[in-house]
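This report concerns a single protein chain. The sequence and the structure are shown first.

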Amino acid sequence: MSDSTPRNQSGPSATDLSGEEGRKPSVTKRGGGPPATRGRTTIADGVVEKIAGLAARDVLGVHALGSGMARTFGAVRERVPGTTRSVSRGVKAEVGEVQTALDLEIVVDYGVSITEVAAAVRENVIAAVERMTGLEVVEVNIAVSDVKLPDEEDEEDQDSRVQ
């Protein structure tokens, strides 16, 4: 026989569930649970705002985020060397331990259905924030502050008169 286990055992076999040897030995773990549950993860408001801002910009029909004044200040600020474009402009998040609520201010393109764009933004933002942070998004409030007309120039695209 090529089997390495003896056929005649004197005690209960490993498959005999009524005996002590049938149970897995209990191992005492230190630290009180699996490593993934030890400690706490906190997520800053700014992190959730960036995720939501990027997710909102991905929706067709969203021209920009933020009010006209915020976009103007942002365009000026972005011209300063060493600064980057603010992806969280027009987004405000309130983050708790397990939930978050978001307020977005958007500018839509002329001709799109505002209700459909708002629904798509809400859907995309909730999916992205919940997937990336694990937080439950309890609400996404959307304020449409402007409509971008086809012949209007963007404040961000205008060249400064001062050189």
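## Overall architecture

The structure is a predicted model. The chain contains three helices and four strands, and these elements follow the order α-β-α-β-β-α-β along the sequence.

Of the 163 residues in the chain, 25% are buried. The chain exposes about 11,700 Å², and carbon and sulfur atoms supply 51% of that area. Among contacts with a separation of 6 or more, 73% are between residues 24 or more positions apart.

## Helix 1 and its cover

The buried residues of helix 1 are Val 48, Glu 49, Ile 51, Ala 52, Gly 53, Ala 55, Ala 56 and Arg 57. Their cover includes strand 1 (62–65), strand 2 (91–95), strand 3 (99–109) and helix 3 (114–133).

## The nonpolar core

In soluble globular proteins, nonpolar side chains tend to be buried together. In this model, the largest nonpolar core has 22 residues. Those with the most contacts inside this core are Leu 65, Leu 102, Leu 104, Val 117, Val 121, Val 125 and Val 129. At least two core residues come from each of helix 1, strand 1, strand 2, strand 3, helix 3 and strand 4 (136–148).

Val 121 illustrates how parts of the chain meet. Setting aside residues up to four places away in sequence, Val 121 touches Ala 56, Val 59, Val 62, Leu 104 and Ile 142.

## Ala 93 and Thr 100

Ala 93 lies in strand 2 and, with a relative accessibility of 0%, counts as buried. Beyond residues up to four places away in sequence, Ala 93 touches Asp 45, Val 48, Glu 49, Thr 100, Ala 101 and Leu 102. Ala 93 and Val 140 are 47 residues apart along the chain, and their C-alpha atoms are separated by 9.3 Å.

Thr 100, one of the residues that Ala 93 touches, belongs to strand 3. Its relative accessible area is 1%, so Thr 100 is buried. Not counting residues up to four places away, Thr 100 touches Val 48, Ala 93, Glu 94, Val 95, Val 129, Leu 135, Glu 136, Val 137, Val 138 and Glu 139.

## Glu 49 and Lys 92

Glu 49 is placed in helix 1. Glu 49 is buried yet has no salt bridge. The nearest side chain of opposite charge is that of Lys 92, at 4.3 Å; the pair is not counted because a salt bridge requires the side-chain nitrogen to be within 4 Å of the carboxyl oxygen.

Lys 92 is placed in strand 2 and is partly exposed, with a relative accessible area of 45%. Apart from neighbours within four places in sequence, Lys 92 is in contact with Asp 45, Glu 49, Ala 101, Leu 102 and Asp 103. The C-alpha atoms of Lys 92 and Val 140 are separated by 9.9 Å, although the two residues are 48 residues apart along the chain.

## The salt bridge

Side chains of opposite charge can pair when their charged atoms come close. How many salt bridges does the count give? The count comes to one salt bridge, formed by Glu 97 and Arg 40, whose closest N and O atoms are 3.8 Å apart. This pair links distant parts of the chain, with Glu 97 in the loop between strand 2 and strand 3 and Arg 40 in the segment before helix 1, 57 residues apart.

## A loop glycine

Gly 134 is found in the loop between helix 3 and strand 4. With a relative accessible area of 62%, Gly 134 is exposed. Gly 134 and Ile 43 are 91 residues apart in sequence, while their C-alpha atoms are 9.9 Å apart in space.

Methods: Residues numbered from 1 in each chain as written. Predicted model: local features only at pLDDT ≥ 70, side-chain atom pairs only at ≥ 80, totals over all residues. Heavy atoms only, no water. Buried < 20%, exposed > 50% of the residue type's maximum accessible area, 1.4 Å probe, protein only. Contact = heavy atoms within 4.5 Å. Areas by Shrake-Rupley, 256 points an atom, 1.4 Å probe, with all protein chains shown as cover. Core = buried A, V, L, I, M, F, W, Y, C linked by side-chain atoms within 4.5 Å. Lys, Arg positive; Asp, Glu negative; His and termini not counted.
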